[in-house]
Each structure stands twice: as C-alpha cells, then as structure tokens.
Amino acid sequence: MAYKRIFAIVLDSVGIGEAPDAANFDDVGADTLGHVGSFYKGNLAIPNLAKLGLSNIRPDRPIEGVPAAEHALGAFGKMQEVSAGKDSMDGHWEMMGLPVRHPLSTFPNGFPEELVHKLEEFSGRKVIVNKPYSGTDVIHDYGEQQMKTGDLIVYTSGDSVLQIAAHEDIISVDELYKICEYARTLVNGPEWTIGRIIARPYVGPDKDHFTRTANRHDFSLEPTGETDMDRLKAAGLDVIGIGKINDIFSGHGITKGYHNESNMDGMDHVDEVMASDFHGFCFTNLVDFDAMYGHRRNPEGFGQALMDFDQRLQKVLANLKDDDLLMLTADHGNDPGYKGTDHTREFVPLLAYSPSMKHADQSLGIRNTFADMGATILDNFDVAGNGEGTSFLNDVTNA
Ligand SMILES: O=P(O)(O)O[C@H]1O[C@H](CO)[C@@H](O)[C@H]1O
Ligand SMILES: [Mn+2]
Ligand SMILES: [Mn+2]
C-alpha cells in the first residue's frame, strides 16, 4: 500500500557502531548505543525501541539491557553514510538525496586571520579563542572575560562549523544573529565553505552558572541542489519540519516548520502534527541527545534521554493509523563513552513501522547510503528522484 503520511524522526547522534570507514575519522571502536547500554549495565529501559527491533539490527552484539525481539514489530536495519563529513548537515542532506561528497572546510588550527579580521570589523568587537573547543567549556573558561570586554567568543570543532557564543545580556540575541548572518556570507565558497554558522547564546551570573539557551540558531549553507523535500513540495505534498530541520535545509522544501525547545517539546509537536490531517512527509530532529549529552560525553544523560524518548514513543505507536509509516533513524554517532567531544563515524539505526504491517520482523539489511530513506519516501508518493539511494518501500509494505 502507499502511505498517506510518513513520519521520520531523527534521534540526533544515536549511532549504532563504527562505520566501515571509521578509521578515516579516527573513530575506530565508537559505538554510541552500545556504550550507553553498557554504561547502564542492563538497566537501559527502552522497551518500545526494543519491540521495534533495535537490537535485532545487530543480533551478534545486542545493546546491553535491550533484548533482540523474538518477533520484531517492524522492519529494522542500519544505514552507512557516504558523505565526506559526519556532521548533522551531511547526514540530513544525504537522507534527502543530496550527499555531501566534497569535504567542507574545517579549521583545526582556528579560522584564518582574514576571516577573523572581517568579523571584527563588522561587529566592532574583538574575536577571542578562535580554536576547536567544547561549547560548554568555552563559556566556562571565557564567559566572564566576555562579560567584562564584550569580545566575541568564536570557536569550532571537528565539524565544518563556526560557532559564536555570546552572553545574552552583553550581546543581544538580535545582534548575535546579525553577526552570524554576516559570517554566513563570508563562507559560502569557493575559498571557504563552512557547513554551519551557529549562534550560541547563553545566560547566567558567573562561570559556574552559565547555561546555553534555546535561542541557539544554525545558519546552514543553502542546499547545493534539489533535495527530496523540494521534490515532494513541488509535487504538492505537505512537508512538515520539526526542530532543526528548518535550519538544516535553510527552509527549502518545507511547507510548515516548528522550532523545538527540547526533545520533549519536539515530541509534543510530533503528537500535534499526528493529530492533524495532512498528506505528505513530517521530518523531525531531536537534538538533545547530541548537544546535551553526546558532545558532553555524558552516557548517563544520554541513556536517560533515550528512556524519555522511548516513553513518548509508546503514544506515537498507539496513535499511528494504518496508512501512516514511521521511520526512526539518526544522522551520525556521538559516542558519550568515546575520546574527545566530536561526532563519531557510525552506522545509524533504521526502524520502520506501520500498524498495517501483517507479519513484520523484516530485515532491511545494511543500506549503502542514508539516501535510501528519501528514495523510499519519493517511491511512496510516486515522485521522481535523482537516482541517489534505493527504495526499500516494498520490503516495508510487504512486511
Ligand atoms: O560543543 P558544542 O558547542 O555543543 O558544539 C558542538 O555542536 C556542534 C554542532 O553539532 C558540533 O560541531 C560541536 O561543535
Ligand atoms: Mn546531528
Ligand atoms: Mn553535534
């Protein structure tokens, strides 16, 4: 059957073990779900993900505490990334038929003088830090200085990102966004092509009490071509983005967008959209796993976020209609049990479920590219794609 509505939820950074090319990223041994499971020593309670077949994805190495289902409720598999990078933009664009094959610019030694100079000239503020840093450490170490001087905290990571942290009382969110918008214009190629400029506002009285706010905003590179979302939209279908989706695609191919304050707020939006009548695709990103726990290398918080999500999943499963399809996946790994603070090159899980499935317990195998997801969605809605990815629609509808 063809589904009337397809819901995809990206559990940001919830990887399922090192990818075959992990060595190229110095990520051998990374295993986000596996290490969160072993941290919890059998007490990672995610029964709904388990029922769908999360541990069936790799029966030889089930996630501790998450038994492989004897008869999985849905179809399960994992996907490998072909994009050159392991950032959110690469992952999401690839899911929508636009893999990022040329590496974007990264700055392990900080941004070039010329770029820094332009930022200083535009903002009238001095740039400080200018190197890879953890975003929570950087405000702890330099936030008080910024409160005195009004300097701009500019930092990066292993990803193609230029991040600007600013105390909301010192540099208003409006001003910060203006500086980020200007920075965006400087790095759209050809010399430097940066995936994302990220505004990182924070509040708090002193270094031990600074917290980042939901006013974070990502200014992404405009998609360099058509995506599957553009194709769906052009075909007259509804394309609803929840969470970072709107930012990641610079609003392209989206007919309605929702901003999330948190994972739970994101799930409220999913419930709301699910209760509405639409025809098309609803694409959700839940970023807390990544931003709050993965980069912070906090396996306990990561596991708790998975358990909280799993509880919300219960209601989603109950509310799905026969002509709905749900897909769960991730955009990269971010193993909280691994060295460093960066994303990790991993396979991502792929779970698909519809109440109309008759037998289920269907393996989707190892998919060669995240683009299989978009190809499946286009196939369902009878919309032509660009040849990236292979549809697994038949495996799902026959399941
Ligand atoms: O350490 P924080 O500021 O959370 O930054 C992280 O967030 C960025 C986007 O996911 C990553 O590239 C990493 O730098
Ligand atoms: Mn991500
Ligand atoms: Mn991240």
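1. A word on confidence before the details: pLDDT is the predictor's confidence in each residue, on a scale from 0 to 100. The protein chain averages a pLDDT of 97, and 100% of the residues score at least 70. Strand 1 has the highest confidence, at 99, while strand 8 (residues 217-220) has the lowest, at a mean of 94. The model scores ipTM 0.94 and pTM 0.95.

2. Some housekeeping: this is a predicted model, in which local features need pLDDT of at least 70 and side-chain atom pairs count only at pLDDT 80 or more, whereas totals for chains, interfaces and linings use all residues. Residues are numbered from 1 along each chain as its sequence is written, and chains are lettered from A and ligands numbered from 1 in the order in which they are written.

3. Which residues does the "binding site" annotation cover? In the unreviewed UniProt entry, one such annotation covers Asp-12, Asp-331 and His-332 (positions are in the numbering used here, feature names are shortened, and annotations may be inferred rather than shown by experiment). These residues gather at one spot, because no two of their C-alpha atoms are more than 7.2 Å apart although they span 321 residues in sequence.

4. Asp-12 sits in the loop between strand 1 (5-11) and helix 1 (32-39) (helices, H or I of at least four residues, and strands, E of at least two, are DSSP runs numbered from the N terminus). Asp-12 counts as buried, with 24 C-beta neighbours inside 10 Å (buried means 20 or more other C-beta atoms within 10 Å, exposed 12 or fewer, partly exposed in between, with C-beta atoms placed from the backbone).

5. His-343 is found in the loop between strand 12 and strand 13 and is buried, with 31 C-beta neighbours inside 10 Å.
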